[in-house]
Amino acid sequence: MPWSPNGADISDKKKAQMLLTFLNTYKDDLVGGTNKKFVTDLLKFIVSSLVATKEPRYISVEANKKIGAKSLKQKEVYKKDPEKVLRIEHTIPTKEVVNYVLKDVLGNSSKMNESLLKSFFEKISGFALITREEDKKLSARKLGAKLPSDTSIDDILKDASLHSCRYKSAEIDMINLHE
């Protein structure tokens, strides 16, 4: 799913409140109701927007060479990349986040609280700038829409350095803009 800036201006607390309201409202549909597919697709769209940030968490070394800047707002990327050689993507694939929410949050009432969901968004939100070639490299290694098999979202929540695990597994050198 393409990167969407829609949720970038919303606080993590508000994101947590919104997701909690959605999960509580549509819990029956998400666990097997007649509208499960529709509601799950809606959750994918919501999560994709809620994990958006104003600035990238990472930029690949190659992408940085192409646009000549380490810290960019999303709109600036498009101005500096008229040939569209860069790809803006969630560092943790939306599909993985949605699966986590459905399995580990919805199925665990102790995680269905605002404070934990706020922390969740603080830790997993972010996007990266990579080149189209690097995007193909991720896809070739079956990492375009999933995490490496040896890393889970729980691992990333415990250790922020694992946020870039997909790129490391695909041998893409990244610059962490949050350090």
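A polar contact is a pair of N or O atoms within 3.5 Å. The legends below use this term for a predicted model.

**View 1. The start and end of helix α6.** Helix α6 covers residues 114-124. At its start, a side-chain oxygen of N113 reaches to within 3.1 Å of the backbone nitrogen of S115, a distance that falls under the heading of polar contact because the cut-off is 3.5 Å. After α6 comes G126, which has a positive phi, near 150°.

**View 2. The buried residues of helix α6.** Four residues of α6 are buried, namely L117, F120, F121 and I124. Their arc around the axis is only 95°, so they lie on the same side of α6. An α-helix has 3.6 residues a turn, so residues three or four places apart point the same way. The packing partners of the buried residues of α6 are α1 (12-30), α2 (36-50), α5 (94-105) and α8 (153-158).

**View 3. Strands β2 and β3.** Strand β2 spans residues 86-90, and four of its five residues are buried, so the strand is largely enclosed by the rest of the structure. β2 pairs with β3 (residues 127-131) in the antiparallel sense, over five bridges. In this pairing, L86 stands opposite T131 of β3.

**View 4. The whole protein chain.** The protein chain holds nine helices and four strands, in the order α-α-β-α-α-β-α-α-β-α-α-α-β from the N terminus. Of its 179 residues, 45% are buried. Among contacts with a separation of 6 or more, 76% join residues 24 or more positions apart. The accessible surface is about 9600 Å², and carbon and sulfur atoms account for 50% of this surface.

How values were computed: Residues are numbered from 1 along each chain as its sequence is written. This is a predicted model: local features need pLDDT of at least 70, side-chain atom pairs count only at pLDDT 80 or more; totals for chains, interfaces and linings use all residues. Side-chain values use heavy atoms; hydrogens and water are left out. Buried means under 20% relative accessible area, exposed over 50%, partly exposed in between (1.4 Å probe, protein chains only). Helices (H or I, at least four residues) and strands (E, at least two) are DSSP runs, numbered from the N terminus. The arc is that of the directions from the helix axis to the C-beta atoms. Contact means heavy atoms within 4.5 Å. A polar contact is a pair of N or O atoms within 3.5 Å; within protein, one must be able to donate a hydrogen and the other to accept it, and residues adjacent in sequence count only if both atoms are side-chain atoms. Two strands pair if DSSP finds at least two bridges between them. Accessible areas come from the Shrake-Rupley method with a 1.4 Å probe; for residues, only the protein chains shown count as cover.
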